[in-house]
Amino acid sequence: MIYNHLNRKALLIFLTALLSFSLSAEVSPDAGKKLFKNNCARCHAKNMKSDATGPALGGVQERWDNEADLYAWIRNSQGLIATGNARANALFKEWNGSVMNSFEALSDDDIGSILSYVQGTYLGTYPAPVAGAPLPGASDVAETSNAWMYWLLLGLLGIIAFVLFRITGGMGQIAAEKTGEAYVPKTLLETLTSKGVVSLLLFALIVFAGYTTVNNAVGLGRQQGYAPDQPIKFSHATHAGINKIDCKYCHDGARRSKHAVIPAANTCMNCHAAINYGSEYGTGEITKIYASVGYDPSEKKYIDGDKSEEELEAIYTKWIESEYLREKGIEELDKEGKDLVSTQWEEIVSSLTNEQKKTVQGPIEWTRIHNLPDHVYFNHAQHVTVGQIQCQDCHGAVEEMEVAQQMSPLSMGWCINCHRETEVQFSTNEYYKSYVKYHDDIASGKKDKVTVSDIGGLECQKCHY
Amino acid sequence: MKNQSNIWVGEKDLSKDPQFMKEAQQEFISLEEHIADEQVMENVGSNRRDFLKLMGFGLGAATVAAGCDIPVRRAIPYVVKPDEIVPGVATYYASSYVKGGDFCSILVKTREGRPIKIEGNDMCDMTGGGTSARAQASVLELYDTNRFKAPKITDGESWGEASWANVDQKVKAALKSGATRIVTNTILSPTSKKAIADFKAVYPNTKVVTYDPVSSGAMLEANQKNFGQKSIPDYRFDKADTIVSFNADFLGTWISPTEYARQYANRRRIKDVKNPNMSRHIQVESHMSMTGSNADNRILVKPSEQGVAIAYLYNKIVGAGASTSGLNERAKKALDKLAKSLYGAPGTSIVISSSNNLNEQLMVNAINNALGNYGKTMGFGQASMQRQGDDKEVAALVNEMNSGSVSNVIVMGSNPCYDYADAGKFVSAFAKVKNRIALSYAPNETVAACNILAPVHHTLESWGDAEPKKGHISLVQPTIAPLFDTRQGELSLLIWAGAAPSGDQPYYSYLKSNWSGTSSFDNALRDGIAHGASDNLAVGSSFTSASIGAPSKVASSELEISFYEPVSIGNGEHSGNPWLQEMPDPVTRTSWGSYLAVPVNFDGVKRFKGFNGLNDGDLVELTIGNKVMNVPVIQQFGQMPGTVALSLGHGRTEAGKCGTGVGVNVNDCLTIIDGRAQYYNTNVSVSNKKGTEDHYSAVQYHHTYGVKGTDSATGETINADEETLGMAYGLSGYQGALTDRSVIYTANAKNLKEELETLHEKRHEAQHLNDQTLYPADEYERTRYTQGHHWGMHVDLNACTGCGACTVACMAENNVPVVGKKEVSRHHEMTWLRIDRYYYGDHENPNVVYQPMMCQHCDNAPCENVCPVNATNHSAEGLNQMTYNRCVGTRYCANNCPYKVRRFNWLDYTTADIFPANQPRAFGEDIPYGADNLTRMVLNPDVTVRSRGVIEKCSFCVQRIQEGKLTAKTEKRSLVDKDVKTACQTSCPTGAITFGDQNDKKGELSKKLRSPLNYIALEEINVRSSVTYTMKVNNRDEALEA
């Protein structure tokens, strides 16, 4: 009984302590930085000055008249839009209806922290440029804010070098005077072609060339920004942006497989059996899907049996033609229409065939944009389903891309960096129960988060085997 | 000579062959030899000029590479994606591995519609999820480049491709007239039999001739006589206290080894050390078979003495007076004692024999009957159908063909021109047949002698069923669309008979309409087997005694030879499969070819001499009857003096690029008595050494660890390392713990308690020494595995029979390359998992222990801290990680590995890089073996294909660990045992290997780790291995040896 009582007392004290601790948390840009990284950085640029998936956040408080509205917007933007708030609706429209995630869990203090971090970063007042102040995380940003120190150092060294140069010159003169020789000061040319300078330059050249070579060699095979033409002018902006089709509807492998999977043509047909309006993309591009799967859009049914290329051409040119006539509201095909039909059909044939594949029917050969080397194991399901990472974190704002391109470098350093920073879903996934020590550390406050690297995410054989 | 405590790997070890001792101390044998490969470099030796040239080339190549565009890579999605396929996720289909009478219920792992791995089906009550090496390797045969790609017809001169219509028309015309014979091996499929019956209905003058590559004809006839059924009893080795096997290799090749091994291991595992309750296994044989190597006692009799040995036991048990003259006295004494113990415990034993002599099989049946074993340890309720053939039928066919009464022969998958005992006679008679039609999927000697070829699907492309035991029906389903223009054999028969159903998949419809299993077809298809057959040892009709004639006579010749079916390639059925060719024989540990096993004689002083003074790898002239062959020799412990042994299945002349011309064919050397092949010959002589084998490929002496050396000062046996230390520093007796390396611990069931005490003492001492470290355990040491996973493995050496299924499974799972005979002879085999075979006990008739040896994933790994580029390092989950892309090939790690489990890619075996000069051509082919696109389809896409110049080793199947962890994470639950199983674990027929998380205290592994029999190999060197072995316990009866 006594033990029990004691235990209860201890628990009470502990809880009180914990409560007071959490209450004592207040608005600080440091806390805001962490929160920003975990919640906002996926869509908002870190420099607060440029737009990303979401708008640049710098000066956000000035743009919102009512602070309460801003807080509501951050917590649940759709909720605010639903109330008819003018600013909210205008913003939503301005950003083509991109939905901002809701963050119901953020307290007022949290949001305050984030805003103060945003403000600080935007104005360059955070982190405070006080030398020697042991700011947590200050080292991360030291490169940019401490640059002036290096310039100062360089300047000082330059002055010292000049002074030394003068001194040696003077001493040479004195020495010459002492020995009675005539002192002939070195000309600039002599100085520049002297052994010391030449070897110094040579050394600098080698260092620079080596540095450049290594840097370029490291970058070999990387394709950041790669945006090749595809056989079908597929627009992610239309599908994922305007029409808000979930990424994982088409890329259904992302949640359950290594590969995100380029959808099979029959997935396209789920919608495009019905959606084929317009004689530009409607016939020019969507007909490629029909030709690939063997669907006759005029008859609205799949083509039975083998058809010769001529018969196929007849079927699809008839469809392009009829769409054109319908759109123009004319009966006879005019000259412009004839050109359109023939150019569209030629384009369809050239996109769907190549040296190996002679027929329009059959799979569409897309150009692969994201290529990892063969010795890299990467699993989409691990990141999307288990890690709850947003597609945009690696692939960028695909919903804004007319032509898909590779946003991230897909380099090992990039992977590793993310593994260092990203928290695992430690408390919500039963799997991590076996990490008893970390759970204890979190409970006792020793640790505030568990990152991928904490559970071995930097080890070789997580990705290479 | 008796020596109960010693453990050795072979003659070279025992007699401390200086060459072997030297090699054993090095990880790699002489380097000059490695480099001097004429393919790779003509001129060894480079100078500064070459270095500069190469540097220049390197820079140039880099510049060119930098200037080149990155290749455009395509991603080609499905047009219509099948529902069951998710690209990147494996799909498993239940099916069966069937080859003649060999059966295994399997799951086929497919990736993007491509079968890549065979797993056991644990719903099958026969195999219980176990597989055999042959079943594991069958997936490679699917991608065999030698497969027939279209039907062919020959005009007698050359083969020309033909259309199916053409073939059908020709065959139909031929079948109209004359008698037809279908020559086949055992058919397990009831539907195939139905198809043949339908064929016979249309062509009534048809007879089926069934035989097996290794015959059990006499046994079937004996059962016909005694029980009225031509089948093999359902043996239950798990119910027997005593197992007496007369030369039957029931754990390796005989009837149903996967099933038997599982039952056998159940009674060999020590569940309670206080009461071991093991079965006792006595093997009567001359050559040490895989089964014999697992036996407690071996009674040595010459091959021709087998018959009288059976008769002797028969006389003792049944009380008859069969002739036993010629049986050696030692065997008599042992059999006397054995008979007594058998007689004392009726209904608890199994007596079997592989003899192909009717009288001997009748005696075996009579013995079992007299001992009351029928109904107790064996029965006919679920009689085995796995052997149905009788070579007598082929003998009759040969006569028919010679007389000209047969005009059509359809050869259905079998290869009588090679594996029939009297193949010569068969070939000449076969040539007299007008129409010789082959239903085959790859070339063999019989197809070459045919004139019409109707190529068939591989099993993995076929529909079908199998009834390996009565009432036990298993289905075969295709897991890939036919790769070539082939047609299922049964369907060809149906089409020729005009009885084929119509539709897309006619044989599927035929199979389905023929379904008679106890569960619905779809359920059976899902599970792979139809449930319902219950444990039934009923005998059926009671024992009818038959008159028994005399057993075969004992020969008086000085030397006898026995022929045995190798565990790997069978009697040549799998010669074309490089995985099986490279898999070492469990006992002789030789690969790629035949090796004549000769007995070893102790010269009374120090050396063990091979028969005729022969050494391992010596070439001799072997004369059997009139046939003279050159074969290499292997010294075989446990081989009876006055006998030698050679394996069947080699010397194929038409077996594709990897099987042709490997070893020698001895099928024509069998003795034929009463129309049946006897697997020995008494008219044999072996010459003295005639030369040396070019590429002697026995792997037992490779990668030896824990070897002994001789202390130069005292002449005592000490550890080899210690000898080196002694030479360098003049130390001896240095570090007591190193002298006796703990590689293997053995005990007899009788004195298990004392032996366990010794074991624990030794372990305690080793642990004590390990604690005396200069680096006291710090916080990191103490806490590093206290959370998350800590992977480990447990290998029960009492359950391991040495069958080698795990080694092939490992090759399939991990893209381990095949290197070929020459490379094997240079110690370059790439296997990540090897099964070491150690002898112990009596030098003349030793016991054997098999030790599967793979990377031990040491938590204090010596390989890790010598790597200059940190390519091998340790994970937080206790894995010893190998990163191929970091590896620069210094091989320091391999040199420093105490277990010698690291393998170096001397050549680009799997053609992962772009320099053709690095790619080996093991079989002299145009395209390197690993470069062929068809062969490459078997590669596991989850495992990197290694290039030349990097080290590789067992990864504990890290790809499976990753997959299992992901499954648990997506299901938001803790990881459990079934999530992660290594390839070796799932393939094992006896469940000897357990893999798991040591931190999961409720897991199977933690349970096994509590066994008092456990030990860690080389525990004293403080590498903290993650693999635990158990002490090998035998149940040897010393009384039988007296």
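Two strands count as paired here if DSSP finds at least two bridges between them. With that in hand, look at where the two chains of this predicted model meet: strand β3 (residues 366-367) of chain A and β2(B) pair in the antiparallel sense, over two bridges. The rest of this briefing walks through the contact between the chains, then the confidence, the sheet, the domains and the cores.

**Where the chains meet**

- In total, 46 residues of chain B are in contact with 49 residues of chain A.
- On the chain B side, α4 (48-67), β2 (74-75) and α31 (958-970) each supply at least two of the residues that touch chain A.
- Helix α31(B) gives the largest share of that side, six residues.
- Sorted by class, the side of chain B that touches chain A has 22 nonpolar, 17 polar and seven charged residues.
- To find the strand pairing between the chains, look for A:T367, which stands opposite B:R74 in β2(B).

- Chain A has a mean pLDDT of 83, and 90% of its residues reach 70 or more.
- Among the elements of chain A, helix α19 (residues 380-386) has the highest mean pLDDT, 94, while helix α1 (residues 2-24) has the lowest, 44.
- Over residues 1-25 of chain A the pLDDT stays under 50, and the model has one contact for them beyond four places in sequence.
- Residues 129-143 of chain A are also below 50 in pLDDT, and this stretch has nine contacts in the model beyond near neighbours in sequence.

**A sheet in chain B**

- Three strands of chain B form an open sheet in the order β1-β37-β38, with antiparallel pairing.
- β1 (7-8) and β38 (847-853) of chain B stand at the edges with a single partner strand each, so one side of each has no neighbour in the sheet.
- Strand β37 (residues 834-840) of chain B runs antiparallel to β38(B), and seven bridges join them.
- Within that sheet, B:Y838 stands opposite B:V849 in β38(B).

**Domains**

- For chain B, the domain assignment gives domain 1 (152-215 + 390-527) and domain 2 (233-382).
- Taken over C-alpha atoms, the centres of domain 1 and domain 2 of chain B are 36 Å apart.
- Their contact takes six residues from domain 1 of chain B and four residues from domain 2 of chain B.
- On the domain 1 side of that contact in chain B, there are one nonpolar, three polar and two charged residues.
- Chain A is assigned domain 1 (24-134), domain 2 (148-219) and domain 3 (411-465).
- In chain A, the C-alpha centres of domain 1 and domain 3 lie 27 Å apart.

**Nonpolar cores**

- The largest nonpolar core has 270 residues, and B:A309, B:M363 and B:L596 touch the most other members.
- Helix α11 (residues 306-318) of chain B gives the most to this core, eight residues.
- Domain 1 (152-215 + 390-527) and domain 2 (233-382) of chain B each provide at least three residues of this core.
- Leaving out residues up to four places away in sequence, B:L596 touches B:V620, B:L622, B:V631, B:P632, B:V633, B:I634, B:V644 and B:L646.
- There's also a second, separate core of 23 residues, which includes A:A265, A:V341, A:W345 and A:L352.

Key. Residues numbered from 1 in each chain as written. Chains lettered and ligands numbered in written order. Predicted model: local features only at pLDDT ≥ 70, side-chain atom pairs only at ≥ 80, totals over all residues. Contact = placed C-beta atoms within 7 Å. Helix = DSSP H or I, 4+ residues; strand = E, 2+ residues; numbered from the N terminus. Nonpolar A, V, L, I, M, F, W, Y, C, P; charged D, E, K, R; others polar. pLDDT = per-residue confidence, 0-100. Domains from an automatic or database assignment. Core = buried A, V, L, I, M, F, W, Y, C linked by C-beta atoms within 7 Å. Buried ≥ 20, exposed ≤ 12 C-beta atoms within 10 Å, placed from the backbone.
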